[in-house]
Amino acid sequence: MPRGRGSSVSVPEKPKTDEGVSSDTDDSRHRRSPYLLLGLLILFLHGSWSVYRMQFASLPLPLDAEQAGKRGFSEASALKHVKYLSGLGPHPVGSDSLDLAVQYVYAEAEKIKKAAHWDVDAQLELFHTDIGANRLAGGLFNGKTLLYSDLKHVMLRIVPKYLPEAEENLILVSSHIDTVSTTGGAGDCSSCVGVMLELARGASQWAHGFKSGVLFLFNTGEEEGLDGAHSFITQHPWRNSVRFAVDLEAMGISGKSTLFQGTHHWALESFAAVAKYPSAQIATQDVFRSGAIKSATDFQIYQEVAGLPGLDFAYTDTTSVYHTKNDKMELLKPGSLQHLGENMLAFLLHAASSPKFMKDAHQAKQESTEEKKAIFFDVLGMYMVVYSQRLATMFHNSIIFQSLLIWGTSLLMGGRPGLVSFGISCLSIILTLIFSIFLPAVVAFALPHICPFPVSFVANPWLVIGLFGSPALLGAFIGQHIGFILLKKHIKQVYSRTKPGLTGNMMDYIVGLEAERWIFKSGFVQWLIVLILGTYLKVGASYVALIWLVSPAFAYGLMEATLSPVRSPKQLKVVTLVLALAVPVVSSAGLFIRMVDVMVGSIVRVDRNPGGLPDWLGNVVVAVGIAIVISFTFVYLLSYVHISGAKRTLLSVLCALFGLALLLVSSGIVPAFTEDIAHPVNVVHVVDTTRMNDGNTEPLSYISLFSNTPGKLTEELLDLRGEEFSCGRNMTVDFVTFTVKYGCRSYKGGNTGWSKSEVPVLHVESDSITDDARRTVVSVDTKSSTRWTLAINRQEIDDFTVDVDSEQLVQLGGKSEVDGWHTIQFAGGKSSPTKFRLTLVWSSNGTHASAEEAKVQDSPLLVKLRTDVNRVTPMVETVLEKLPRWCTPFGKSTSPYTLAFLTALTVNI
């Protein structure tokens, strides 16, 4: 006789079950097939890779001049400029090759001027800057004063001939001609210059219909601290007419030029409305402004100093070649320049022809900070989404409130059992993250001990899938499975009280289904927490958390939710997972892959003080980044594995991938570096004259070898036998802007290739007390060097001034510091001054040791000076020729040239 649902009487009949729940004690046939789950995993990974390819690697077909026509953009024409400029080799500030580059750009701009439409006025100028000082407030420039002189910029202003007011309303398009001393700069930024010349040619045929003018600024000095942009904004009269700025940059080579910084909602909307191949990510703006990427662009000058609204674009493909010899034409992908050129030409034609655009630009400074901000991103490189930060905050708060309301109501209805289940679900999130990070972190720690190079995957980034991705996914599954087991135990205890009719395998099966649902829903909690934090901190990329919360929640509610509280759980449908992940994958999978790719490429220069970081740190950074992405994005997919037959299959596949990747890197079958993706290794001839100030007559001269990539230089030294290099942490060199804490040194041939007439001089002219303050005047003679760096000890010195030819270049006040030092960097052309006067105002707490005390103990340094000479000495040339082809010098604004002189003054002067 059947009993009612609420009866507690034991009967021999099997309990009544809901539709879809079999009473067969053998539940194995209800388990998902491992082949099904393996197929879902492949679908998820292949879908993510396809999205990445569409979003970041799908480039337009390049056009030649005939196909583009007189008014279009031709990549073939732009490439001719890139080929010439990069063919000059490195052209840093002050070099002959930069003079040739500037002459070339000027000559090409003159051709554009002559060929312009008859109703267009093209005005060309070669601007020669005065000496100037640049002291930015934040970012890389905290604690620095940047000085410059004798820079040359090419400026081409294009305006309609019969509209005088257009000259007072200019859209600035800017990039830089100069490079660092280690690269020909095909990507950074000859590609930008080539695009700008072709844009100017096209704009000169359209400008008769413009309502405002377009100013193309080809500046020099960007690589030395944004000096070119600063000199224009502070010195040239055309600066007063600029209303909007567009900066073109490269932090890699080729690919899509991505809009990664934007100031105003209306400007972003204008670009989105006309861009043919939109590529834009506010996530990169978040990362860039957080300081995680140690770099800066001219856009910082236009925003901070000039207060201009604007947009900032950059190439970010193959970031591992940034500022190395491999920034070359051969790595420029076809379609890269066409992509940027067509987008920019469409934007310039729209902006310059629109009275509303210029009206918005005029009003930009009157807007509040909140009104300026906007969220922006592209979808598959075909559509661009733009909406205001205010709308985003309102929408996010609404979703957060509704989510908390739903969860609160659900937990209230579920009582204590539901609350405990919720707590265990949250615990599973924590365990998933912990285990996902732990396993790849162990691998990252171990790699330096079993591989020839600590960072062994840069040349082949796909290796991180096996090295870190597999352990991260395995760890995520283990952590989530522990949570699943704890949930099953708790739910079984609840069901044994509330559903006594369920026993044996049937109980285990239904409990497993309920636990599976809780694990799936834990993903909602995880992304809700991320959304709350992102909204509170006003992180632009919080839209990603919104999508990963709302889309799966909607799919679950549509396909799985029921209004019947007594219904037994069913197995989650496969279609639920597909619907849940479709929108998140399409909208953000490409972004996650790109962020990992940029992280891998940047790891080769992560050690700003060579040898200052542990060998394993670069690996750990990459491993943790990948683990976080996997633990957050696989939370829904992994929830389908726990009651399936795919656990062993998943374990086998992941272990096989890991083992294969480890075998490839540990054996050297797949090289860590190649000729195209090379290991940054710097070779500098150092002439240390510090001891000359202590009474020594001869400087110390040697060759220093160091790398910004974590790890030792053991493999490199195999090719340098006979050059008498010694390596270790006792080979430290203080280059003023950074310190080599591990390096190699050779004294062989150290006395050739330089002369004593090049040795810089720090001379104390006077040391007196006036107005109750001690003042010391120091003359600085950098001899032949027009690129130098000087650091002042702020623990001893309160303030200082710098004078040049009786003109006070740096005034008192406003000096910041980093690690107790304020740094002055100077870069200029051949006609730059080499003699300066430094007036130091001592702190009342400064050191005043006697001469006898100074002899007894080493006195701390008061001033440190490094002068750079762009010359390859015979010994440096020998070392560079002998280094493996998979090595390359790496340069930046703080790096020395191949010949560097060091000197200093002690506190006890």
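This is a predicted model: local features need pLDDT of at least 70, side-chain atom pairs count only at pLDDT 80 or more; totals for chains, interfaces and linings use all residues.
I started with the aromatic residues and found F244, W266, F271, F313, F347 and F357 linked into a cluster by ring pairs. I count Phe, Tyr and Trp rings (for Trp the six-membered ring) as a pair if their centres lie within 6.5 Å; planes under 30 degrees apart are stacked, over 60 edge-to-face, and the rest tilted. Residues are numbered from 1 along each chain as its sequence is written, and side-chain values use heavy atoms, with hydrogens and water left out.

**Ring pairs**

I get 35 aromatic pairs in the structure. For Y52 and F56 the ring centres are 5.6 Å apart and the planes are at 35°, so I log this pair as tilted. Both residues belong to helix α1 (residues 34-57) and are four residues apart, about one turn of the helix. For helices (H or I, at least four residues) and strands (E, at least two) I use DSSP runs, numbered from the N terminus. Y52 and F56 are both buried; buried is under 20% relative accessible area, exposed over 50%, and partly exposed in between, with a 1.4 Å probe and protein chains only.

W527 and F632 make an edge-to-face pair, with 5.4 Å centre to centre and 70° between the planes. This pair links distant parts of the chain, W527 being in helix α15 and F632 in helix α18 (residues 617-633), 105 residues apart. W527 counts as buried because its relative accessibility is 4%; F632 does so at 18%.

I also looked for charges over rings (NZ of Lys or CZ of Arg within 6 Å of the ring centre and within 35 degrees of the ring normal). The charged end of K499 sits over the ring of Y495 at 4.7 Å from its centre. K712 lies over the face of Y742, 5.9 Å from the ring centre.

**Cores**

I define a nonpolar core as buried Ala, Val, Leu, Ile, Met, Phe, Trp, Tyr and Cys residues joined through side-chain atoms within 4.5 Å. The largest has 179 residues, and F216, L248, F347 and F468 have the most contacts inside it. Helix α15 (residues 504-536) gives the largest share, 15 residues. A second, separate core of 24 residues includes L762, W788, L809 and F836.

I listed the contacts of L248 (heavy atoms within 4.5 Å). Among the residues touched by L248 are V173, C189, F313 and M344, with residues up to four places away in sequence not counted.

**Sheet**

Seven strands form an open sheet of mixed pairing, in the order β1-β4-β6-β5-β7-β9-β8. Two strands pair if DSSP finds at least two bridges between them. β1 (120-128) and β8 (257-262) are at the edges with a single partner strand each, so one side of each has no neighbour in the sheet. β4 (residues 152-160) and β6 (residues 213-219) pair in the antiparallel sense over five bridges, and V154 stands opposite F218 in β6.

**Backbone**

I found a cis peptide bond between D188 and C189, with omega about 0°; C189 is in helix α5 (residues 186-206). D150, not a glycine, has a positive phi near 60° and is in the loop between β3 (144-149) and β4. D150 is buried at a relative accessible area of 10%. S806 also has a positive phi, about 65°, but is exposed at 80%.
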